[in-house]
Amino acid sequence: WSIQMLSVQPDTKPKGCAGCNRKIKDRYLLKALDKYWHEDCLKCACCDCRLGEVGSTLYTKANLILCRRDYLRLFGVTGNCAACSKLIPAFEMVMRAKDNVYHLDCFACQLCNQRFCVGDKFFLKNNMILCQTDYEEGLMKEGYAPQVR
């Protein structure tokens with residue numbers, strides 16, 4: 001869907017906001033999904049970004065209003081898991097590392113099976129996901145010592 005920013009004409013009756021149901025008395029309003037919105041009310045259901053600021057399109061699915069990034073993350077065609085090679089349904093949440101896509105349960109160190117949480121450091125080496133310990137041990141075996149700061 002497209003998003004249009006419109007100037008509110010002073011001589012027109014205020015329109016109701018589809019998000020908060022209050023009258024729009026601002027200088028500008030957004031038109032999307034055949035409805036009118038305050039700029040602050042048209043937000044992504046996942047990341048809460050103001051959709052009028054991130055582009056001229058929005059996406060809807062499963063009664064959610066989403067930015068492009070979250071729509072693709074949640075519903076995009078993802079293909080096969082790089083760890084188990086099984087198909088990942090388009091509606092399933094995934095983890096990505098470069099061009100690889102993983103089931104959430106498969107996003108783990110491929111040597112010790114340690115699962116990663118949000119914010120954990122991981123390494124991608126020869127298309128394998130590795131935890132920091134296994135990555136550094138691999139470097140030591142290859143004769144490279146990691147730099148400690």
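Guide: The lining of the largest pocket consists of Leu111, Lys125, Asn126, Met128, Leu130, Asp134, Tyr135, Glu137, Gly138, Leu139, Lys141 and Glu142. Two elements, β9 (128-131) and α3 (132-141), each give two or more residues to that lining. Please keep in mind that this is a predicted model, where local features need pLDDT of at least 70, side-chain atom pairs count only at pLDDT 80 or more, and totals for chains, interfaces and linings use all residues. Residues are numbered from 1 along each chain as its sequence is written, and side-chain values use heavy atoms, with hydrogens and water left out.

Visitor: What makes a set of points a pocket?
Guide: On a 1 Å grid over the protein atoms alone, a pocket is an open set with protein on both sides within 12 Å along at least five of seven lines, and lining residues have an atom within 4 Å of a point. The largest pocket here holds about 150 Å³ of space.

Visitor: Which element gives the most to the lining of the largest pocket?
Guide: That is α3, with 6 residues. Helices are DSSP runs of H or I with at least four residues, strands are runs of E with at least two, and numbering starts from the N terminus.

Visitor: Why is Asn100 called buried?
Guide: Buried means under 20% relative accessible area, exposed over 50%, and partly exposed in between (1.4 Å probe, protein chains only). Asn100 has 13% relative accessibility, so Asn100 counts as buried. Asn100 lies in strand β7 (residues 100-103).

Visitor: What makes the pairing of the Asn100 and Tyr102 side chains a polar contact?
Guide: A polar contact is a pair of N or O atoms within 3.5 Å; within protein, one must be able to donate a hydrogen and the other to accept it, and residues adjacent in sequence count only if both atoms are side-chain atoms. The two side chains make their polar contact at 3.2 Å.

Visitor: Why do Asn21 and Asp48 carry their accessibility labels?
Guide: Asn21 has a relative accessible area of 67%, so Asn21 is exposed. Asp48 has 48%, so Asp48 is partly exposed. Asn21 sits in the loop between β1 (4-7) and β2 (28-32), and Asp48 in the loop between β3 (35-37) and α1 (51-54).

Definitions and conventions: On a 1 Å grid over the protein atoms alone, a cavity is a set of points where a 1.4 Å probe fits but cannot get out, and a pocket is an open set with protein on both sides within 12 Å along at least five of seven lines; lining residues have an atom within 4 Å of a point. Grid points are joined across faces, edges and corners, and a volume is the space filled by probe spheres set on the points.
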